[in-house]
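This report looks at pockets and at one helix pair. Please keep the structure in view while reading.

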Amino acid sequence: MINKTEKIWMDGKFVNWDDANIHILTHTLHYGLGVFEGIRCYNTPKGPAIFRLDDHIKRLFESAHIFFLEIPFSKEEVKEAVVATVKTNKLSECYIRPIVYIGYGNIGLHPKGNPVNLAIAVWPWGAYLGEEGIEKGIRVKTSSFIRNHVNSNMSRGKVCGYYVNSQLAKREAISCGYDEAMLLDTEGYVSEGSAENMFIVRNGVLKTTPLTSIIEGITRDSIISIAGDSGIEAKEERFTRDEVYISEEAFFTGTAAEVVPIREVDNRTIGDGKQGEITRRLQSIFFDAVKGKDSRYESWLTYIWR
């Protein structure tokens, strides 16, 4: 369950959590065309700080641009609204959800004349795949549902409707006793998790799926940067699920998931079934970075009390 906070920002105004409502004929509710972001705020020695806010807002606007959604606010206004929403709700750590959606008006497929609305909600949210998953790793199932083809929908956008596919994959994995799903692309190569990017370590080499059929993850990009700074080359290279089976390490990354080791895929133990050395090292540096404990990544943080 979501832990309620006090206020939600809607189109330039704060409203009470329970009053943040939309009409039942809101266009995005019916047809799924909306874009959103997932962002985290962490407590640091200097107070609450939002991780890579500029990059998240840039991606939000890029997603909107791809799908002809004209956000009625500037990037700077949206960034300030995110900061203000965290500050207003007096949170030291939280998850942040900006969503751009097509509002009430024409109910036909072409939303001619409908407003484009923006809302920002924040709430406390712990480890998406559990604290035990962060430490000991999770069990993953290859999904029977494949990642959307790049020509069926444009893969760069973080679009509401895309996550129907992710929900099906996640439900299937959970119903079979696993923690998360791994989706393949239309050619049979590993794509990503239901809401995460994927890395493996094979023969000591760190690999991640190239940007061919995946969301351009900001946590993924952070791990690639951290790896490079740590003398670990990260190769963007396609790999198959059987290569995952025989990898020494595997892990997911994402704003919600953060950095989560994978201990098993399709009943095959990965490595020795524990968090690997490279995964642990990257995870440790990542958490130091987001919590303001590593000065090399200070530029990734936007402090609430500036």
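## The second largest pocket

The lining of the second largest pocket is made up of nine charged, two polar and two nonpolar residues. In this predicted model, the second largest pocket holds about 260 Å³ of space, and of the 13 residues that line it, Lys58, Arg59, Glu62, Glu216 and Ile218 are the closest to its centre.

Helix 2 and helix 6 each supply at least two residues of this lining, and helix 2 gives the most, with six residues.

## Helix 2 against helix 3

Helix 2 (residues 53-66) also comes within 10 Å of helix 3 (residues 75-88), axis to axis, and the two axes cross at roughly 125°. Helix 2 and helix 3 are therefore oblique to each other, and helix 2 passes helix 3 in a right-handed crossing.

On the helix 2 side, Leu53, Asp54, Ile57, Leu60 and Phe61 take part in the contact, meeting Lys75, Val78, Lys79, Val82 and Val83 in helix 3. By class, this contact has seven nonpolar and three charged residues, with no polar ones.

## The largest pocket

About 1,300 Å³ of space lies in the largest pocket, which is lined by 50 residues, with Phe36, Tyr95, Arg97, Ile99 and Tyr163 nearest its centre. Its lining divides into 25 nonpolar, 17 polar and eight charged residues.

Several elements each supply at least two residues of this lining, among them strand 1 (7-10), helix 1 (27-31), strand 6 (94-102), helix 6 (218-229) and strand 14 (249-254). Helix 5 gives the most to the lining of the largest pocket, with five residues.

Terms used: Residues are numbered from 1 along each chain as its sequence is written. This is a predicted model: local features need pLDDT of at least 70, side-chain atom pairs count only at pLDDT 80 or more; totals for chains, interfaces and linings use all residues. Side-chain values use heavy atoms; hydrogens and water are left out. Axes are lines fitted to C-alpha atoms, for helices over the stretch in contact, and angles run from 0 to 180 degrees between N-to-C directions. Helices (H or I, at least four residues) and strands (E, at least two) are DSSP runs, numbered from the N terminus. Angles under 35 degrees count as roughly parallel, over 145 as roughly antiparallel, 65 to 115 as roughly perpendicular and the rest as oblique. A crossing is left-handed if the near helix is turned anticlockwise from the far one by less than a right angle, and right-handed if clockwise. Contact means heavy atoms within 4.5 Å. Ala, Val, Leu, Ile, Met, Phe, Trp, Tyr, Cys and Pro count as nonpolar, Asp, Glu, Lys and Arg as charged, and the others, Gly among them, as polar. On a 1 Å grid over the protein atoms alone, a cavity is a set of points where a 1.4 Å probe fits but cannot get out, and a pocket is an open set with protein on both sides within 12 Å along at least five of seven lines; lining residues have an atom within 4 Å of a point. Grid points are joined across faces, edges and corners, and a volume is the space filled by probe spheres set on the points.
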